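Dear colleague,

I am passing on the structure we spoke about, and I would be grateful if you could look it over with the notes below beside you.

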Amino acid sequence: MLLLNLMFVVVLTLYIGRKLRGADLPALALKTTATVLCIAMALLLLYQSHSALGWAAEVVLAALLCGLVGDVFLDLKLVYPQDGAWFTHAGFVSFGIGHVGYWLYFFSQYQWRMPMLAVWALVVALALWLVLASEKPLGLDYGRFRPITAVYTVLLVGAWAQAGMLWWLDGGLFLAVLALALLLFVVSDAILSQSYFGLRPEQPWMVVGNYLFYYGAQVLVAWSLLWAPPPPCLQAACGL
C-alpha cells in the first residue's frame with residue numbers, strides 16, 4: 001500500500017505540473033493513471049481487510065469508476081475544444097451517475113423520518129439557490145450548461161448532505177469519511193466552476209486547488225472501504 005500511495009503522489013504531481021502547461025493527451029494519460037491508482041487502492045484495501053463485497057463497497061467502487069470515466073471526458077473537452085460541449089455534458093453525466101449510487105445506498109440502507117427528509121431537502125434547495133444566485137456575483141456564465149449544472153448540484157450536494165446527516169445521527173467512520181470526501185468534491189467543483197465558467201482566464205491556483213481537493217476526495221472515498229458495512233447476510237450471521 002505504501003508503494004501504491006507513493007506512485008499516486010508522483011503521478012498526481014506530474015499531472016498537475018503538465019496541466020499547468022496546458023491540456024494534451026499525455027496529461028490525460030497521467031490523470032487517468034492517478035484515478036486508476038485510486039481504484040487500485042480501494043481494491044487493495046478490500047483485499048487486505050478481507051472484507052466481503054457488500055453494497056457499500058459496490059457503491060464506492062462504482063463511484064470511483066464513474067469518476068474515471070468523467071475524468072477522461074472532462075480532459076478530452078480541453079484536448080478537443082471543437083467537441084467541448086459534448087464532452088462537458090458527458091463528464092457531468094458520468095459523475096452524476098456516481099452520486100446517484102450514493103443516493104440509492106443512503107436512502108435504502110438507513111431509516112429516514114420526515115423531519116430528516118425535510119432538513120435534507122432544505123439543504124439541497126439552499127445549495128441550488130446559492131449556485132444559481134451567485135453566478136453573476138462570482139463572475140461566472142453557465143450558459144448552455146445551466147440546466148445540467150443545476151441537476152449536478154442537486155446530486156452532489158444531496159449525496160453530501162445524506163452522508164453528513166447520517167454521520168451526525170448514527171456516527172461511524174464510514175459515513176464520516178464519505179461525508180468529508182463529498183465535501184471536498186463540493187470545494188473542488190466550486191473551484192472548477194471558475195475554470196470552466198469564469199469570465200476571466202484560468203489561473204494556476206485554480207488548477208492546483210481543484211486537483212488537490214478532487215484527488216483528496218478520491219483517496220478518502222477509496223479509504224472509506226476500511227470501514228464499509230458488511231453485507232446484510234454477514235451482519236445477520238455475526239449478530240451485528
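Predicted model: local features only at pLDDT ≥ 70, side-chain atom pairs only at ≥ 80, totals over all residues.

I begin with helix H7 (residues 173–197) and helix H8 (residues 204–223), whose axes lie 8 Å apart and which pack at an angle of about 160 degrees. Because angles over 145 degrees count as roughly antiparallel, H7 is roughly antiparallel to H8, and the crossing of the two is left-handed. On the H7 side the residues in contact include Val177, Leu184, Ser188, Ile191 and Ser195, and on the H8 side they include Trp205, Gly209, Phe213, Gly216 and Leu220. Taken by class, the residues of this contact comprise 16 nonpolar and seven polar, with no charged residue.

The packing of H6 with H7 brings their axes within 7 Å, at a crossing of roughly 155 degrees, which means that H6 is roughly antiparallel to H7. Here too the handedness is assigned, and H6 passes H7 in a left-handed crossing. Among the contact residues of H6 are Thr149, Tyr152, Leu156, Trp160 and Trp167, while those of H7 include Leu175, Ala179, Leu182, Val186, Asp189 and Phe197. The residues of the H6 contact with H7 divide into 16 nonpolar, two polar and one charged.

For H4 and H7, the axes come within 14 Å and cross at roughly 155 degrees, so that H4 is again roughly antiparallel to H7; the crossing of H4 past H7 is left-handed. The contact is made by Phe92, His99, Tyr102, Tyr105 and Phe106 of H4, together with Phe174, Leu175, Leu178, Leu182 and Phe197 of H7. By class, nine of the residues in the contact of H4 with H7 are nonpolar and one is polar, and none is charged.

I turn now to the largest pocket, which holds about 860 Å³ of space. Its lining is made up of 45 residues, and those nearest the centre of the pocket are Tyr152, Leu156, Val186, Asp189 and Ala190. Two or more lining residues come from each of helix H3 (55–79), helix H4 (84–109), helix H5 (114–133), helix H6 (146–170), H7 and H8, and the largest share, eleven residues, comes from H7. The lining divides by class into 29 nonpolar, 13 polar and three charged residues.

With best wishes

Terms used
Residues numbered from 1 in each chain as written. Heavy atoms only, no water. Axes fitted to C-alpha atoms, helices over the stretch in contact; angles between N-to-C directions. Helix = DSSP H or I, 4+ residues; strand = E, 2+ residues; numbered from the N terminus. Parallel < 35°, antiparallel > 145°, perpendicular 65-115°, else oblique. Left-handed = near helix turned anticlockwise from the far one by under 90°. Contact = heavy atoms within 4.5 Å. Nonpolar A, V, L, I, M, F, W, Y, C, P; charged D, E, K, R; others polar. 1 Å grid on protein atoms, 1.4 Å probe; cavity = no way out; pocket = protein on both sides within 12 Å on 5 of 7 lines; lining within 4 Å. Points joined across faces, edges and corners; volume = space filled by probe spheres on them.
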